[in-house]
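Welcome! Take a moment to look over the sequence and the 3D view, and then we will walk through some features together.

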Amino acid sequence: HISHTQTCVYMPSPPSPDASGSAFLDWASSAGVATSAAFLVEPTATEGFGAVAGERVGVGDILVTVPRASALAVFSLEEEMRQTTTSLAQSHALAYAACRVAAAPRGREPWVALWPVTPEGTWGVEGDSWRAFDGDAFRELRRLHEEGEAAARAAHEKLPPDISWERFKLGVSIVTSRAADLVVSGESQPVLLPVIDLCNHRRGGEHNCAIVFEDDAQTTLTSPRHARTPVYLT
C-alpha cells in the first residue's frame with residue numbers, strides 16, 4: 001500500500017545527472033538495506049529511473065528489507081527541524097524534510113541523486129498545459145490538485161524564508177509520488193523508504209508487489225513476473 005496524499009498522473013521527471021543505480025544500491029547496503037539479487041535499479045523504457053526485476057521471482061519472495069532507521073520520516077527528524085514542522089500536516093512536514101535533505105544530504109547523496117529534479121505528476125502541470133487534459137475525470141483531477149496546492153501553499157507560509165515555493169513544491173511532489181504509509185504508535189505517517197521509493201505505480205490498484213511493515217523493518221513481497229519487468233505498487 002502506497003500513500004497517495006494527492007491524485008497523480010504519471011509523468012516521469014529525470015533524476016539528477018549524478019544518478020547511478022549501482023552506487024545507490026552500494027549506499028543502501030551500507031545503510032542496512034538488504035536487496036535480493038533479483039532486484040535492480042536502472043532506467044526503464046517508459047517510466048524513468050526505477051526498480052526492475054532482474055529475473056523471475058515467486059510469490060512471497062522478499063525483494064527488499066529496509067530498517068526503520070534508514071527511512072526519512074517526521075519521527076526521525078532532528079529536534080530543530082521537528083519543531084519547525086509541528087504545525088504542519090504529516091505530508092507537508094515530510095516534504096519540508098525532503099527539501100532539507102536534498103540541500104544537505106549528509107551521507108545520503110546516492111539516494112538524493114535518484115530523486116526527481118522537477119515536480120512529478122500534477123505538480124508538474126502549469127497554466128495552459130492543463131488544456132491537454134479533457135473529460136470529467138481530468139476535471140476532477142485538476143480540482144483535487146488545486147485543493148492540494150492551496151493546502152501546500154498555506155503550509156509553505158509557515159516555513160523558513162530560505163525554502164522557496166518551487167523547492168517546497170518539488171518536496172511535496174516527491175512525497176506524493178514516493179512516500180509509503182507507516183503506522184507509528186497507532187498513527188499512519190508518510191515515510192520515504194530508500195530503494196522501495198523507486199518502485200513505480202499503476203492506476204486502478206494494479207500492482208505486482210506489496211509492502212509489509214514489521215517491528216523494525218519494511219519488506220516488499222512480490223508476485224510472479226517475467227525478467228526485466230518494472231516493479232510497481234498501487
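Helices here are DSSP runs of at least four residues, numbered from the N terminus. With that in mind, Trp 165 and Phe 168 both belong to helix H6 (residues 165–178), where they sit three residues apart, about one turn of the helix. Please remember as you read that this is a predicted model.

**The protein as a whole**

- The protein contains six helices and 12 strands.
- It has 234 residues, and 47% of them count as buried.
- The accessible surface comes to about 11000 Å², and carbon and sulfur atoms account for 52% of that surface.
- If you take the contacts between residues at least 6 apart in sequence, 73% of them join residues at least 24 apart.

**Aromatic pairs**

- A pair of aromatic rings is described by two things: the distance of the centres and the angle of the planes.
- How many aromatic pairs does the structure hold? There are four.
- One of them joins Phe 24 and Trp 27, which are stacked, with 5.9 Å from centre to centre and 25° between the planes.
- Phe 24 and Trp 27 are separated by about one helical turn, because they are three residues apart in helix H1 (residues 21–30).
- Are Phe 24 and Trp 27 buried or exposed? Both Phe 24 and Trp 27 are buried.
- The pair of Trp 165 and Phe 168 is tilted, with 6.4 Å centre to centre and 55° between the planes.
- Trp 165 has a relative accessible area of 12%, so this residue is buried.
- Phe 168 has a relative accessible area of 0%, so this residue is buried too.

- Strands of a sheet pair through backbone hydrogen bonds, in either a parallel or an antiparallel way.
- In this protein, three strands make an open sheet in the order E5-E7-E6, with antiparallel pairing.
- Strand E5 (72–73) and strand E6 (180–184) are the edge strands, each pairing on one side only.
- Two bridges link E5 with strand E7 (residues 187–192) in the antiparallel sense.
- Leu 72 has Leu 192 as its bridge partner in E7.
- Helix H3 (residues 90–103) packs on the sheet and touches E5 and E7, and the direction of H3 makes about 25° with that of E7.

Technical notes: Residues are numbered from 1 along each chain as its sequence is written. This is a predicted model: local features need pLDDT of at least 70, side-chain atom pairs count only at pLDDT 80 or more; totals for chains, interfaces and linings use all residues. Side-chain values use heavy atoms; hydrogens and water are left out. Rings of Phe, Tyr and Trp (its six-membered ring) pair if their centres lie within 6.5 Å; planes under 30 degrees apart count as stacked, over 60 as edge-to-face and the rest as tilted. Buried means under 20% relative accessible area, exposed over 50%, partly exposed in between (1.4 Å probe, protein chains only). Contact means heavy atoms within 4.5 Å. Accessible areas come from the Shrake-Rupley method with a 1.4 Å probe; for residues, only the protein chains shown count as cover. Two strands pair if DSSP finds at least two bridges between them. Axes are lines fitted to C-alpha atoms, for helices over the stretch in contact, and angles run from 0 to 180 degrees between N-to-C directions.
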